[in-house]
Amino acid sequence: MESKKTEALKYETAVKELNEVVEKLEDAEISLEKMMELYERGKYLLDFCEKQLNKFEEKIEVINRKNQEK
């Protein structure tokens, strides 16, 4: 899993993987170690997605301000 952490991610890919992580975490049959590994990856993906959304939101605000100035 660690190698995935460092590769370039796209928002859509991260959301898809985050959903997969959540599904795996809901499985009561996984070990505690695997659960912690999945939790760590899920936290990384969630943070990544939030940062991406914040960037997009800032870009939208800049575009809206530019349009209002016209």
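I'll start with the charged pairs. This is a predicted model, and in it the count of salt bridges comes to three. As a reminder, side chains of opposite charge can pair when their charged atoms come close.

Take arginine 41 and glutamate 17. Their side chains meet in a salt bridge, at 2.8 Å from N to O. Arginine 41 belongs to helix α3 and glutamate 17 to helix α2, residues 11-25, so this pair ties together parts that are 24 residues apart in sequence. Are these two residues buried or exposed? Arginine 41 is buried, and glutamate 17 is buried as well.

Next, lysine 34 and glutamate 37. Here the closest N and O atoms of the salt bridge are 3.6 Å apart. Both residues sit in helix α3, and because they are three residues apart, about one helical turn separates them. Lysine 34 has a relative accessibility of 33%, so it counts as partly exposed. Glutamate 37 also has a relative accessible area of 33% and is partly exposed.

Then there is lysine 43 with aspartate 47. In this salt bridge the closest N and O atoms are 2.9 Å apart. The two residues are again in helix α3, four residues apart, which is about one turn of the helix. Lysine 43 is partly exposed, with a relative accessible area of 39%. Aspartate 47 is partly exposed too, at 27% relative accessibility.

Which residues of α2 are buried? They are Ala14, Glu17, Leu18 and Val21. These residues cover an arc of only 105 degrees around the axis, so they lie on the same side of α2. On the face of α2 turned away from that buried side we find the exposed residues Glu12, Lys16 and Glu23.

On to α3, which runs over residues 32-69. It has 38 residues and reaches 55 Å from first C-alpha to last, close to the 56 Å expected at 1.5 Å a residue. Its buried residues are Leu38, Arg41, Gly42, Leu45, Phe48, Cys49 and Gln52. Arg41 in that list is the arginine paired with glutamate 17.

The largest nonpolar core is made of eight residues: Leu9, Ala14, Leu18, Val21, Leu38, Leu45, Phe48 and Cys49. Both α2 and α3 supply at least two residues of this core. Which helix gives the largest share? That is α3, with four residues.

Last, the surface. Leu32, Met35, Met36 and Tyr39 form a nonpolar patch there, and together they have about 430 Å² of accessible area. Tyrosine 39, one of the four, is located in helix α3. Its relative accessibility is 51%, and the cut-off for exposed is over 50%, so tyrosine 39 counts as exposed.

Technical notes
Residues are numbered from 1 along each chain as its sequence is written. This is a predicted model: local features need pLDDT of at least 70, side-chain atom pairs count only at pLDDT 80 or more; totals for chains, interfaces and linings use all residues. Side-chain values use heavy atoms; hydrogens and water are left out. Patches are made of residues with over 30% relative accessible area and no salt bridge: like charges are joined within 9 Å, nonpolar side chains (Val, Leu, Ile, Met, Phe, Trp, Tyr) within 5 Å. Accessible areas come from the Shrake-Rupley method with a 1.4 Å probe; for residues, only the protein chains shown count as cover. Buried means under 20% relative accessible area, exposed over 50%, partly exposed in between (1.4 Å probe, protein chains only). The arc is that of the directions from the helix axis to the C-beta atoms. A nonpolar core is a set of buried Ala, Val, Leu, Ile, Met, Phe, Trp, Tyr and Cys residues joined through side-chain atoms within 4.5 Å. The expected span of a helix is 1.5 Å times one less than its number of residues.
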